[in-house]
Amino acid sequence: MRIHAFTDTLALARRLAASLRLSLRPVTTSRFPDGESLVRVDHRRGDDAILVRSLHDPDAKLIELLLAADALRQAGARRLTLVAPYLCYMRQDRAFAPGEPVSQRIIGALLGGLFDRVLTVEAHLHRVRRLAEVVPGAARSLPAAPALADWVRRQAPGALLIGPDAESAPWVRAVARRAGSAWAVGDKQRLGAARVRLALPPLPAARHAVLIDDIASSGATLAAAARAARAAGIARVDVAVVHAICAPGALARLRRAGVRRVVSCDTIPHPTNAMPVAPLLAAALRRGAPGRGARRVL
Ligand code: R5P
């Protein structure tokens, strides 16, 4: 088995390859003068292949990804696994307004058609329970709770954990259970791409809170939660997210709202990365290795 990675996800792929003791090959990319992409892979015929690419900024990446999947098939890859630590287009899981697509379903079908297995971390799944309902075939979203709880235990013992909305309740509860922390969730109403209204319930007495969410994109959700927590008398507010999409201005928005520290899982390369997910991915891949119950695990 070989691991292949695009340069934008090379750091995580290196950790994965080291942990699995597999050889790592970069996928090289170039552009034709008309803007079309060309990718090249270095694969050994008959080997299984794992392709690693995080899919933030997805429109620029999906074409290269599907070209690389074909290049690996042409090169004789047997079973093809996509490891996308961040999986794109999962939030548009229904047509929220007339004329909109269900992006989750169409992107899921595309990836399911290209790869034999798809592995990700904390996909944004709210209206479906399992990733395999969206990505046909063997697909699995790993919970990030172990990585978040490990950070909370070491860096914020005793802090109150707050999720911004009801959707965040399952993972805030899972992190709180593992870390032995008190927790609460707010009530959020989205008013626009970067505008939210948010209220917190009466909170237990605490001087330190960690806001927990799956995604920080505009930062509006977490900034509103931070303002509400500070208004409730909490002196120190930190943020721990799984996927630091962090659009331009997001971190400044969080600082203005009084957030002291922002940490994220390394599913998307970002200066806030503090919680490694390679151990979670490596463990899942190890359990799913051919001949050792792959079909059951993924
Ligand atoms: C929403 O359902 C997600 O869990 C996040 O709360 C949301 O994507 C964060 O977006 P933003 O940072 O733009 O408020």
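What is the volume of the second largest pocket? It is about 520 Å³. Before we look inside, some ground rules. This is a predicted model, where local features need pLDDT of at least 70, side-chain atom pairs count only at pLDDT 80 or more, and totals for chains, interfaces and linings use all residues. Residues are numbered from 1 along each chain as its sequence is written, and side-chain values use heavy atoms, with hydrogens and water left out.

Start with the whole chain. It has 9 helices and 16 strands. Helices (H or I, at least four residues) and strands (E, at least two) are DSSP runs, numbered from the N terminus. The radius of gyration, taken over C-alpha atoms, is 20 Å. Of the 298 residues, 52% count as buried, meaning under 20% relative accessible area with a 1.4 Å probe, protein chains only.

Now the pockets. On a 1 Å grid over the protein atoms alone, a pocket is an open set of points where a 1.4 Å probe fits, with protein on both sides within 12 Å along at least five of seven lines; lining residues have an atom within 4 Å of a point. Points are joined across faces, edges and corners, and the volume is the space filled by probe spheres set on them.

The largest pocket has a volume of about 780 Å³. Its lining holds 28 residues, and Arg-91, His-124, Glu-167, Lys-188 and Arg-190 are the closest to its centre. Strand E11 (187-192), strand E13 (208-216) and helix H6 (220-231) each give two or more residues to this lining. E13 gives the largest share, 4 residues. By type, the lining divides into 9 nonpolar, 8 polar and 11 charged residues. Here Ala, Val, Leu, Ile, Met, Phe, Trp, Tyr, Cys and Pro count as nonpolar, Asp, Glu, Lys and Arg as charged, and the others, Gly among them, as polar.

Return to the second largest pocket. It is lined by 21 residues, with Glu-122, Ala-123, Leu-125, Arg-129 and Ser-141 nearest its centre. Strand E8 (138-142) and helix H5 (169-179) each give two or more residues. The largest share, 4 residues, comes from E8. This lining divides into 14 nonpolar, 2 polar and 5 charged residues.

Technical notes
Rg over C-alpha atoms; globule rule 2.2 N^0.38 Å. Buried < 20%, exposed > 50% of the residue type's maximum accessible area, 1.4 Å probe, protein only.
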